[in-house]
Amino acid sequence: KIAYAPIAPSEKGMIFMRGLTDDSPQVRREAALALRGLGLRPEITEAIHSLSVESRESRLFAVDRLSVLLREAPASDRGVILLVLLTVLRHDADVEIQSKVVSSLVDFSDLLVADREGLRGIVSLLVERLVTQFDAMNRPVRLLLESMAKAATEPVTEIVWSEFERTTERR
């Protein structure tokens, strides 16, 4: 209904972007389709759609596809893809998918640390995944945090330490 509402496309875009962060894969899929109507590339919306299916293989393929698209995408689409990948990391319970998402983000640390407001949330999520799924997530999370620290040493290091101080888990 919002797609047909008499509001500015930029306002619609902001609403649909918020929908990409929803915990429901179906809401994310609908938001991506609506963004397609505002100019988001079809291959991105198709990959986001694949993230909403039950099939694990389809979701793994979609993460791979988004990783490739992230490398090729113009700056305007990169933000959407990063947002979707971080949302998948937050909401998909499959550890292999989470690991693949984290691995795909290593080459884009500079983009992740550029958003200083969102940086704490990203690092907090990574530390949470490391603490709760250490065996599966140790290597990819460590590599991503190291890459992020190279891009912005002081804030990343400070946030990592504060997050580890908040946890009772010690390995």
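Me: Buried means under 20% relative accessible area, exposed over 50%, and partly exposed in between (1.4 Å probe, protein chains only). Asp-77: buried or exposed?
Reply: Asp-77 is buried, and Arg-41 is buried too. This is a predicted model: local features need pLDDT of at least 70, side-chain atom pairs count only at pLDDT 80 or more, and totals for chains, interfaces and linings use all residues. Residues are numbered from 1 along each chain as its sequence is written, and side-chain values use heavy atoms, with hydrogens and water left out.

Me: What joins Asp-77 and Arg-41?
Reply: A salt bridge (a side-chain nitrogen of Lys or Arg within 4 Å of a carboxyl oxygen of Asp or Glu), at 3.8 Å, N to O. Asp-77 is in helix α5 (residues 75-91) and Arg-41 in the loop between α2 and α3, 36 residues apart. Helices are DSSP runs (H or I, at least four residues), numbered from the N terminus.

Me: Which residues make up the network with Arg-41?
Reply: Arg-41, Glu-43 and Asp-77 are linked by salt bridges.

Me: How many salt bridges does the structure hold?
Reply: 11. One of them pairs Arg-56 with Asp-94, with closest N and O atoms 2.5 Å apart. Arg-56 is in helix α4 and Asp-94 in the loop between α5 and α6, so the pair ties together parts 38 residues apart in sequence.

Me: Why does Arg-56 count as partly exposed?
Reply: Because its relative accessibility is 31%. Asp-94, at 16%, counts as buried.

Me: New topic. Where is Gln-98?
Reply: In helix α6 (residues 95-105). Gln-98 counts as buried, at 2% relative accessibility. Beyond its neighbours within four places in sequence, its contacts (heavy atoms within 4.5 Å) are Leu-89, Asp-92, Ala-93, Arg-129, Gln-133 and Met-137.

Definitions and conventions: Helices (H or I, at least four residues) and strands (E, at least two) are DSSP runs, numbered from the N terminus.
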